[in-house]
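Please keep the display open while I talk.

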Number of protein chains: 2
Amino acid sequence: MSTHWIQTVSLVPPSLKDNTADTERLLHALSLRLNTDAVHIDLDLMRRLPELLRQYGYRIRCILWKSHRQWHLLEVTAAEETRTAAGLAVDLGTTRVVLRLIDLASGRILAESAFDNPQDSIGPDILARIHFTEKENGLKKLNESIISALNNAIEKLCASERFKPEQIYALAVAGNTTMTHLFMGLDPKWIIREPYIPVVNSPGTLKAGSLGLKVHPRARVLIFPNIGSYFGGDLIAGILYSGIYQNDPTGILVDVGTNAEVVLGNENWLIACAGAAGPALEGGVTRMGMTAGPGVIDQIGVDLNTLDFNIHTIEDLPPKGICGSGVIDLAAQLFLTGMIDIRGKLVPKVCGPKIKEIDGLLHLVVVPAEHSATGSDLTISQADLDSLIRSKAAMYTILETITASVGIAPQDLESFYVAGTFGSFINPQSAITIGMLPDLPLDRYKPLGNSSLGGAALVLQSEKYHDEIDQIRDRITYLELNVNQDFMNRFSAAKFLPHTNTKLFPSVKIVQKR
Amino acid sequence: MSTHWIQTVSLVPPSLKDNTADTERLLHALSLRLNTDAVHIDLDLMRRLPELLRQYGYRIRCILWKSHRQWHLLEVTAAEETRTAAGLAVDLGTTRVVLRLIDLASGRILAESAFDNPQDSIGPDILARIHFTEKENGLKKLNESIISALNNAIEKLCASERFKPEQIYALAVAGNTTMTHLFMGLDPKWIIREPYIPVVNSPGTLKAGSLGLKVHPRARVLIFPNIGSYFGGDLIAGILYSGIYQNDPTGILVDVGTNAEVVLGNENWLIACAGAAGPALEGGVTRMGMTAGPGVIDQIGVDLNTLDFNIHTIEDLPPKGICGSGVIDLAAQLFLTGMIDIRGKLVPKVCGPKIKEIDGLLHLVVVPAEHSATGSDLTISQADLDSLIRSKAAMYTILETITASVGIAPQDLESFYVAGTFGSFINPQSAITIGMLPDLPLDRYKPLGNSSLGGAALVLQSEKYHDEIDQIRDRITYLELNVNQDFMNRFSAAKFLPHTNTKLFPSVKIVQKR
């Protein structure tokens, strides 16, 4: 990875033969170097330029940034200057904000940190926060809360690398549409009211100072664009990071959170849709479900003889709950061993003593009280399983719908990118077994990790991605998911394990039925 | 004159079929209207946009500005809003600053005012001011002095039109290179030191706030570019105003002050030079000379029988001195009547009792003490006349040199623009008679008035001139006036009245010799 942000130039000193002004002398040399027609400079730097050029003998290091085809000269130092010029990628999540510090010269990652979004104490979700903005000074409070938390985190992160926030010259911020509005101090009121209109789709590049960020006074902030209330800059960053927009074979990017966001496409076209797919897959929905963290079960196997569970917990701590990937593993194992049937219903005669009835509802004990961190049984109920079935059916139906819209089947996909924590922890074979994801060769499944952060980091690592962000945004066709008869037929067929049409899942072999 | 600065647009309100964000909905409509690919909006206006659009029912009046191919949306009001949106043209002179208020909707001139440049009390000329910037806080003082004087003048001018400075959305500022530097707070130190390097050639457009100007908070300031220390934005504005850069026949623009600045050209090329030509033509150089003002002699005729002078003074007040155009008239009449000879020497036998010897030097009494406002004789000395001869010779030599550089003669010029006060007052026939200006048909002489202000006003009256400013600057070839043998030969020939080669001045007929 090489960048163009840092340029060391030796200018021909002025003479009677060439009386070009200081500013144009420098900007012209940079224009040639960067193959652009103009480079912009702020007035305050222009004011210092004559002294700097003469002090450094016309040999200088320039720190630059690009926004929308326009290059900006942000700082001039001695050519020998070795202090790092850094960029900061920000994944502006509703619940968690992740920062990644990049060396602008090399594109190298210097450090990362994360913090819980402090807006959570004002409103735990997007909807609550938007309603809060309608109170007196509500928007101001939410805006100041995130900006001040960012400033604190930036200060700490920089201190850990022994440098100053003033050494950050560029930021790239990817967040959902509402978070981006709150970050910019834009009223998000109309995002949640029909016809769901954001204040801005493409904020472009702003000065860090105008946003209240305490970094270099001339630093620029690139803010990822959205294509509406439901499809934010975090997803545009994800598409950028996945690279599906520049591949020849059609690929898909799936980001599962409260919503499932899906983008299908290739170098020629992109189709996106979003739908409520995930309730069973996130913490707080299944009684024992939780987000991934220490002590949480993320993988489960079953001993085929004893039907005992082999559990793995994050950091190998005593189990205290189960996360989405664990639930999917569990459901797959239950199905393969016949402990649940094709409809996802617990089969008492197979489960035997693992079944308990609590308040009239069947529960399966995954970890008995004596082995759990909580001192109580960790169980999964029939209601949890029903919820999972609906979620996996919704997911598969969305995949079928979006691929059908371009005349292909989920089984035709050449690459399948799964974003986020979900993508990192999920066992694709388990997801295939329950019919949540299509039955593709496993090597086509590619976990992306934090693709929003990854995409934000890319624009700090090379300016070639800057124009691509807008191209991606403009190329996306948004597919409205109409819950019509067609959709409902597909959904009904997908509510079985793995599917009513088992030919779609040839790799799923049921081990035994007892 | 019609402008594009004010656009009234009716937007299609958002719907489920079209969920484009507020910002893009408006900017896209403006882009189509203005035939541009993007319109920029500042964050603070973007923050207010959702409310404004809904309050005005998507029917709004937009105030725009253009800088370097980029349009900026500066304000949004109700479509019915009738308050004037104004622009301000500024001629930023070393001694006098002139303001012209323009209605941005119609391009119409609303009002004008002028004030003496307060920097005069710090340093009367460019050189003194540049030296002052080397003192502690010197630049800051000079900068604050002009900015605060501008703010005061703007406030008064707006009050006279019953509006607020916040109704000024755009400024266009034309000044010489040093004045432009002081206005921008740029260190002018290197302008007067070999190799004479300005900080910037093309400042472009800045925010008024960054310059400390108290107008609309989002107002933009276009600053005219220079091509070096000796050829400033005032002259670029003058070229724009004269139109010579877009004419087919080659024309010339002459601006006479302490220096004579000359631009020769047509739609294909422009050549400029500057030289010390004018000392005899400005106040303070001839003992009785002064700048034009009430009571100053601006026209002189001679009664051929009595050789008495028929004088005209500005505002018909008793005469107290004589300005440049008066001196030229006088010299022409003296020559035609034989009171001075071909070398400009007073001829005592013709002048008769009008001649006086003071301190060993011959003087001609133009106004006897009893008719003058000062109570003393108004006279012109042989030294004054010698100085005038040198000046007129320098002027003609410059004209010959610059025309010769492209293979034409001064007599070939199709149009001859004379800028400034000098151009407004001068009698071209008198200037021809003494051989200062070439012997062209009189209708080819066109006084331009304040061409610097005129050019600055043009960019407020139509955006088509914006790109032309840069094109003019880039097309100018600067001709260094080398005082070589060729120049000296021309100069010697031009030191006669009208010239050693009288064939060059066929219209000059000597009336009589006594």
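This is a predicted model: local features need pLDDT of at least 70, side-chain atom pairs count only at pLDDT 80 or more; totals for chains, interfaces and linings use all residues.

**Backbone exceptions, sheets and symmetry**

Let me start with Glu315(A), which is exposed, with a relative accessible area of 59%, where exposed means over 50% relative accessible area, buried under 20% and partly exposed in between, using a 1.4 Å probe and protein chains only. Residues are numbered from 1 along each chain as its sequence is written, chains are lettered from A and ligands numbered from 1 in the order in which they are written, and side-chain values use heavy atoms, with hydrogens and water left out.

Glu315(A) is not a glycine, yet its phi is positive, at about 65°, and it sits in the loop between strand E15 (309-313) and strand E16 (321-322) of chain A; helices (H or I, at least four residues) and strands (E, at least two) are DSSP runs, numbered from the N terminus. In chain B, Arg162(B) also has a positive phi, near 55°, and this residue, in the loop between H4 and strand E8 (168-175) of chain B, is exposed, with a relative accessible area of 81%. Turning to cis peptide bonds, one joins Glu194(A) and Pro195(A), with omega about 0°, and Pro195(A) lies in the loop between helix H5 (177-184) and strand E9 (204-207) of chain A.

Now to the sheets. In chain A, four strands form an open sheet with mixed pairing in the order E1-E3-E4-E2, where two strands pair if DSSP finds at least two bridges between them. Strand E1 (6-10) and strand E2 (39-41) of chain A stand at the edges with a single partner strand each, so one side of each has no neighbour in the sheet. Within this sheet, E3 (residues 59-67) and E4 (residues 70-78) of chain A run antiparallel and are joined by eight bridges, and Trp65(A) stands opposite His72(A) in E4(A). Helix H1 (residues 22-34) of chain A lies across E1, E2, E3 and E4 of chain A, running at about 120° to E1(A), with axes taken as lines fitted to C-alpha atoms, for helices over the stretch in contact, and angles running from 0 to 180 degrees between N-to-C directions.

How do H4(B) and H5(B) cross? The axes of helix H4 (residues 138-160) and helix H5 (residues 177-184) of chain B come within 7 Å and cross at roughly 90°. The two helices are therefore roughly perpendicular to each other, a label for angles of 65 to 115 degrees, with under 35 roughly parallel, over 145 roughly antiparallel and the rest oblique. Their contact (heavy atoms within 4.5 Å) involves residues including Leu139(B) and Ile146(B) of H4(B) and Phe183(B) of H5(B).

Finally, the copies. Chain B can be laid on chain A with an RMSD of 0.1 Å by a turn of 180° and a shift of 0.0 Å along the axis, the superposition being by least squares on the C-alpha atoms of residues with pLDDT of at least 70 in both. That is the relation of a two-fold axis. Gln70(B) comes closest to the rotation axis among the residues of chain B, at 5.4 Å (C-alpha), and 100% of the interface residues of chain B are also interface residues in chain A, so the copies meet through the same surface.
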